[in-house]
Amino acid sequence: MKRLSYATLCEQHYSGYLLPDAPAKALQFGEGNFLRAFVDSFLDILNEKTGFYCKVTVVQPRPPRTRPNVRDFLNEQEGLYTLYLRGFFAGEKVDHKRVISCIDRCLNAHEDFAELMACAENPHLRYIFSNTTEAGIVYDPSCRFADAPAFSFPGKLTQLLYRRFQRFGKEKGKGFVLFPCELIDDNGKALKDCVLQYARQWQLGDAFVRWIEEENLFCSTLVDRIVTGYPKNEAPLMHKENGYEDKALTAGEVFGSWVIKGPQWLQDELPFAKAGLPVLITGDYKPYKQRKVRILNGAHTAMSADAYLAGQDTVRDCMADGVICGFMRKAVYEEIIPTLALPREELEGFACLVTERFQNPFIDHALLSICLNSTSKWRTRVLPSLKAYLQNTGKLPACLTASFAFYIAFYCGFELTGSGLLAARADGSHYTVSDETSILEFYLAHRQDPPRALAYAVCRNTDFWGEDLTVLDGFADVVAKILEKVRNEGTHAVMKSCVENQAY
């Protein structure tokens, strides 16, 4: 079977949108599935709908672990790949396919460092996107300017910016607009701070620092789309139906949302609205970040441990269980939404979309994967809603309080291994709790505590929560009662009690 290419599509008389040639206006650090199913998908539609006429040069930030890899596949396929977006939208099942043609080539920062630096001298280059994981935006003082390249992503970016400054530093309007998509708070500011640290550490001069500040815009962003990547089991059939082999094929959900903190002029420069894309450019993105973290991520975290202990394995399975689904909906609509600042109608619309996404028939979102590092997740995703609800009403939210007890029950393991803390479900099947070693050691040390002692020990651990949760009126006592009921009756019975408004 022929490999995907412009020639192959031409032979097939492909009638979809393609952009064979255009200037490289964008540089993208990250060749992974998420950026290709999110940013590149949006840019491809922007090209088609508005004549944006933009190609993207993709950069693989780390040395390749295996060969061939996505970089090789993209280059062999002339930057082309097939994107499947599937799920529910407005109550309808959607299965959409599109050949993405906005990528011109893929470089590796280590193997193609000279070519990467040469990109800085491209007068058309304007935008830089990145997704180097949450650990990517870090300042590593061991990086040196003479490294080829610097190991950290901000170090590489500083090297690139300095080359740009050397070439165009005296011209106005030749700086970059940068869109980090890493899932950390205020990612634009975090990236800019790292770049400025390198500029000063490497003594690149005050003029360069001023150029960074005055000619470059670091936009904090919030991205939202579940991307499942290469559909290994379905790929052979997809290749056969398409009439070509596509090693860079990727898949994700239909839903997508991109909130960008930026000035008004950016809306004219990047006409996402004109293209009908779900991109919001706003001066304050924090309410939208709070909405996503509290509702989507909060619902995941509040539901996952308890549903797993109740015998479920995927999010979609949970939506088919009336008790678990009812527990999740009550937590979202009655306990989380009332604590948020955006209009209730807008929040409920977002929550409705979340339910559709959880029901996606094309995605097997494993509960155990959501339960990874649940301690920090519960602290950031659920605790703020619980405290706000308590402050607003003077009462503890039943579902969110129960979710804390479920979290503790999930961490009640019996053996620490190299993979994590070994624990068991009610049916006797074993699972592994994954979190920081110190957290797992704490739970192992308290594995024989009775419910009340365990609840108070966890609540008082300020290293976990940044505060003593026993100061929340009645919280530790209620958690202890729920833990007792979980041990006697199981999490499903407790969720049912929450849904039916039964007191503990």
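Q: In which helix is Arg-36 found?
A: In this predicted model, Arg-36 is found in helix 2, which covers residues 33-37.

Q: Why is Arg-36 said to have no salt bridge?
A: The nearest side chain of opposite charge belongs to Asp-40 and is 5.9 Å away, whereas a salt bridge needs a side-chain nitrogen of Lys or Arg within 4 Å of a carboxyl oxygen of Asp or Glu. Arg-36 is therefore without a salt bridge, although this residue is buried.

Q: What makes the approach of Arg-36 to Asn-33 a polar contact?
A: The two side chains are joined at 3.2 Å, and the cut-off for such a pair of N or O atoms is within 3.5 Å, so the value meets the distance limit. A polar atom of the Arg-36 side chain also lies 3.0 Å from the backbone oxygen of Glu-31.

Q: How do you know that the span of helix 7 agrees with its number of residues?
A: Helix 7 has 15 residues (187-201), which at 1.5 Å a residue should span 21 Å, and because its end C-alpha atoms are 21 Å apart, the two values agree.

Q: Why do strand 2 and strand 5 count as paired?
A: Two strands pair if at least two bridges are found between them, and 5 bridges join strand 2 (residues 55-60) to strand 5, so these parallel strands count as a pair. One of the bridges has Gln-60 with Asn-108 of strand 5 as its partner.

Q: What makes strand 5 an edge strand?
A: In the open sheet, whose order is 5-2-1-6-7-8, strand 5 (103-108) pairs on one side only, as does strand 8.

Definitions and conventions. Residues are numbered from 1 along each chain as its sequence is written. This is a predicted model: local features need pLDDT of at least 70, side-chain atom pairs count only at pLDDT 80 or more; totals for chains, interfaces and linings use all residues. Side-chain values use heavy atoms; hydrogens and water are left out. Helices (H or I, at least four residues) and strands (E, at least two) are DSSP runs, numbered from the N terminus. Buried means under 20% relative accessible area, exposed over 50%, partly exposed in between (1.4 Å probe, protein chains only). Lys and Arg count as positive and Asp and Glu as negative; His and the chain ends are not counted. A polar contact is a pair of N or O atoms within 3.5 Å; within protein, one must be able to donate a hydrogen and the other to accept it, and residues adjacent in sequence count only if both atoms are side-chain atoms. The expected span of a helix is 1.5 Å times one less than its number of residues.
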